[in-house]
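Q: Could you walk me through this structure, starting with the terms I need before we look at any particular part?

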Amino acid sequence: MSRRQILITAVYGALMTALGSVVFIAPELDSVAWAGIGLLGAAAIVVGIRLVRPRRPGPWWALAAALVAMMAGDYLYGLMADASADPPPLANLCYLAMFPFVATALIGLTRASSALDSRAGLLDLLAVSSAALLAAWVFIVSPRLGTGGVTGTEWSIQAAYTLGDVVVLVVTVRLVRAAPRNPSAVLLAVGALGMLTGDVAYGIAQSRDGLAPGGPADLAYVVLYATWGAAALLPSMARLTDSPVAPPHGDAPVRGLGIVLLLAAVAVAPVVLVGQALTGPVHDGPVIAVAFGISLALLVTRLNDAVRRHAEGLRRERTLRHAGTVLVSVTDAGAVAVAVRTAVRELLPADTPHIIVVDSSLTDLLPLNELSAPRIVPVHLTPPLWQERLGEFGCVLVCPLDAAVLYIAADGRDLRTVQDAVTVLAGQAALALARIALTEAASRRDSDDYLRAVAEHTNDVVLVLDDDERIRYTSPSVTELLGIWPTPFATLREIVAPDDRQQVDATLGVALTGGRDGTRDTWSLRRPDGTRVLVEVRFRDLRGDRLVRGMVITMRDVTEQRRHELELLRRHWEDTPGAANRDNSARKYH
């Protein structure tokens with residue numbers, strides 16, 4: 001925690017302690033104290049959202065709204081002069097409104113995250129637990145309760161509150177078990193326990209002499225406000241909604257006994273209601289309604305998760321099928337990179353911030369385990385070239401693509417969702433790159449064979465240089481021209497005499513930076529026997545040609561041609577009148 005967060009947490013604890021003391025020391029001010037406690041807890045959650053900035057703040061906003069709703073009920077209840085009386089209807093309405101907000105928060109916190117890989121098992125457990133609690137209440141607890149001035153309907157309302165508290169406690173305890181070292185999860189569970197304890201203590205007090213201010217119930221409610229507010233002030237609150245790095249395990253399909261249990265959990269409430277209606281008046285209407293609402297909400301959430309996963313699976317399947325069709329027809333690595341980027345954008349959820357990089361420059365420098373299989377890694381483990389660009393995201397999906405590497409930086413949950421699909425896409429792209437490489441190699445081989453067949457029957461020398469300036473092909477006539485045969489992997493400057501390398505380097509530098517039309521020059525090269533040969537050279541940059549992929553050099557021996565041209569030029573000057581006058585003058589004076 002930063003110094004600022006520590007200071008804010010200390011101030012929050014001091015204010016919550018002071019307001020909580022007012023409830024016990026000055027009961028006549030309990031309405032004001034409860035308003036301050038509730039608003040302070042909600043404000044702490046808002047401040048925590050602003051300071052920690054979780055990736056998905058929605059659940060925490062819902063939790064703040066729940067505290068405000070509960071605070072409104074406590075404030076209205078505190079305005080009553082008689083503390084032993086039942087809460088007014090408006091206060092009960094505020095208390096009931098708290099549960100939808102809490103349910104929204106818990107649904108957000110139990111999405112696939114760093115705490116829970118899947119909430120399907122949790123939803124099934126809650127559905128069965130709520131049905132079991134309803135049956136236990138109706139058939140075991142309710143018939144044995146003494147009224148003690150409390151009607152059956154009031155007992156049922158209290159049981160409904162308790163049932164909701166149990167559901168909240170079960171979810172928060174599941175969060176603690178999934179993330180045992182997360183202080184925010186522990187505080188949420190403590191607050192849920194305080195809410196359950198407070199409602200049970202309130203019910204016991206109402207069945208006796210009425211609720212007395214400053215009792216165990218008030219202490220439990222203060223613990224609820226204080227711990228839920230403090231949970232949002234800690235940096236660990238962000239980890240409850242962050243996405244994990246490990247790949248998801250997936251939900252196991254429900255079969256056999258599992259389906260029977262889910263159906264029974266949903267059917268318990270209607271069956272109990274019909275049974276009470278047929279045998280007499282309905283005594284447990286509120287608790288039956290709440291239990292059925294919980295079961296229905298859990299069932300709808302379970303069904304919505306399944307439908308959403310199925311729709312996302314279909315969308316990913318269509319994207320992969322289209323990408324496979326495109327990758328089959330591409331003819332160069334650039335088109336493969338474009339197809340991969342397009343497919344990844346379609347695989348990721350809409351409007352998801354992301355960065356996609358297809359890098360082939362650092363493949364040889366990466367660890368072997370990074371190129372073995374796609375995996376999600378922290379950004380700081382990526383090459384330094386990309387760390388600054390991808391630094392705004394916490395993790396990145398690394399996928400090998402034959403001779404390249406695909407980096408996808410996005411939200412961790414989105415990366416986990418598309419990891420399997422991107423793995424398939426990476427395999428398709430790797431096959432496409434391998435096919436293109438083999439096709440180009442075969443084309444170059446055919447091109448070299450054709451060039452060899454033509455060049456072997458000409459006196460001109462033909463050389464082909466690779467990107468590293470090493471000679472890939474040499475025609476046989478190079479022996480007649482230069483008197484040597486280049487060694488394997490030799491460069492152009494290595495096959496000429498040391499005194500002639502300067503002119504070779506100068507022409508080669510111009511050719512490498514020139515255009516596709518070519519560069520011409522004339523060299524005077526010394527052979528191993530000491531004689532010199534005048535060579536006319538022409539460079540053509542065909543490195544971008546898919547069939548050549550190199551620099552083509554043509555050499556022609558122009559020694560005799562230039563000697564003949566000089567002889568003709570000399571004779572021409574000898575036949576002119578000026579040359580005759582110079583000859584006469586030379587004879588006269590010599």
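A: Let me start with burial: buried means under 20% relative accessible area, exposed means over 50%, and partly exposed is in between, with a 1.4 Å probe and protein chains only. Helices (H or I, at least four residues) and strands (E, at least two) are DSSP runs, numbered from the N terminus. This is a predicted model, in which local features need pLDDT of at least 70 and side-chain atom pairs count only at pLDDT 80 or more, while totals for chains, interfaces and linings use all residues. Residues are numbered from 1 along each chain as its sequence is written, and side-chain values use heavy atoms, with hydrogens and water left out.

Q: Okay, which residues are buried in H11?
A: In H11, the buried residues are Val336, Ala337, Ala339, Val340, Ala343, Val344 and Leu347. They sit on the same side of H11, because they cover an arc of only 165° around the axis, the arc being that of the directions from the helix axis to the C-beta atoms.

Q: And how many residues does H11 have?
A: Helix H11 runs over residues 333–347 and has 15 residues, reaching 21 Å from its first C-alpha to its last, which is close to the 21 Å expected at 1.5 Å a residue. The expected span of a helix is 1.5 Å times one less than its number of residues.

Q: What caps the N-terminal end of H11?
A: Asp332 does, with a side-chain oxygen that lies 3.1 Å from the backbone nitrogen of Gly334. A polar contact is a pair of N or O atoms within 3.5 Å; within protein, one must be able to donate a hydrogen and the other to accept it, and residues adjacent in sequence count only if both atoms are side-chain atoms.

Q: What about H4, what should its span be?
A: Helix H4 (residues 89–109) has 21 residues that should span 30 Å at 1.5 Å a residue, and its end C-alpha atoms are 31 Å apart, which agrees. The buried residues in H4 include Cys94, Tyr95, Met98, Phe99 and Val102.

Q: Switching to loops, where does Asn182 lie, and is it buried or exposed?
A: Asn182 lies in the loop between helix H6 (152–178) and helix H7 (183–207), and it is buried, with a relative accessible area of 3%. The side chain of Asn182 reaches the backbone oxygen of Ser236 at 3.1 Å.

Q: What is phi for Arg53?
A: Phi of Arg53 is near 55°, a positive value in a residue other than glycine. Arg53 is found in the loop between helix H2 (30–52) and helix H3 (58–78), and at 63% relative accessibility it counts as exposed. Glu469 also is not a glycine and has a positive phi, of about 70°; it is found in the loop between strand S5 (461–465) and strand S6 (471–474) and counts as partly exposed, at 33% relative accessibility.

Q: Now charges: how many salt bridges does a search of the whole structure find?
A: The search finds 8 salt bridges, where a salt bridge is a side-chain nitrogen of Lys or Arg within 4 Å of a carboxyl oxygen of Asp or Glu. Side chains of opposite charge can pair when their charged atoms come close.

Q: Which side chain does Arg472 meet in a salt bridge?
A: Arg472 meets the side chain of Asp466, at 2.8 Å, N to O. Arg472 is partly exposed at 26% relative accessibility, and Asp466 is partly exposed with a relative accessible area of 26%.
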